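Hi,

Here is the structure I promised to pass on.

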Amino acid sequence: MTDAPHPPVSDDDEMSPEEEARLMRRYHLGAVVEASANMESVLRAIFSSLVGSPRANIVAAGQSVSWLADNALAIIDANDEVRAPSLGDPENVARFRAAIASCRDLNAKRNRLIHGAWVDGLPDGRPGLSLLRSKWRQPWPSAEEVRLQDIEGLADDLAAAVSQLVTASFEVEGIIAGT
């Protein structure tokens, strides 16, 4: 897997601060991955409900979170224009739409953390951890400081966004439990 040492197996084994930080980073990155997987599953079900066809699951299968969110938002935005059944109270629909958009935005943050390369040292030379990531059509990767609290906060934000999305889906007609 990696050259990272495994955590101590007994209380007699000591863990260096660097090893403990690496272990905690991986723990919180795991929480980000778990929460984002839940979000993807919920968005897939919502997209399929919005399409309203038993074949929608086939279209949704394997699609990215950004694709699911963008297409769910497009369906919501065009719903009245295409004379589809009403999604209900406009305030509830607005909350539902905002919850989907929030998930899409948090997924972009998740992608930066999960797909970036972790390196020792901050861009200004101080000790710490940086995340290197490439940017589209840029010749060099950019480095940014990422603190453990940032990773933990994103995991919490993702879990909260999924909860808000599920709650909002109950308030909209024809989506999951909102029928």
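The largest pocket comes out at about 400 Å³. By pocket I mean an open set of points on a 1 Å grid over the protein atoms alone, where a 1.4 Å probe fits, with protein on both sides within 12 Å along at least five of seven lines; lining residues have an atom within 4 Å of a point. The volume is the space filled by probe spheres set on the points, which are joined across faces, edges and corners. There are 17 lining residues, with Ala21, Arg25, Asp120, Gly128 and Leu129 nearest the centre. Helix α1 gives the largest share, 4 residues. (Helices are DSSP runs of H or I, at least four residues, and strands runs of E, at least two, numbered from the N terminus.)

Mind that this is a predicted model: local features need pLDDT of at least 70, side-chain atom pairs 80 or more, while totals for chains, interfaces and linings use all residues. Numbering starts from 1 along each chain as its sequence is written, and side-chain values use heavy atoms, without hydrogens or water.

Next, the sheet. It is open, with 3 strands in the order β1-β2-β3 and antiparallel pairing; a pair needs at least two DSSP bridges. β1 and β3 (142-145) are the edge strands. Strand β2 (residues 129-133) is joined to β3 by 4 bridges, and arginine 133 sits opposite serine 142.

Cheers
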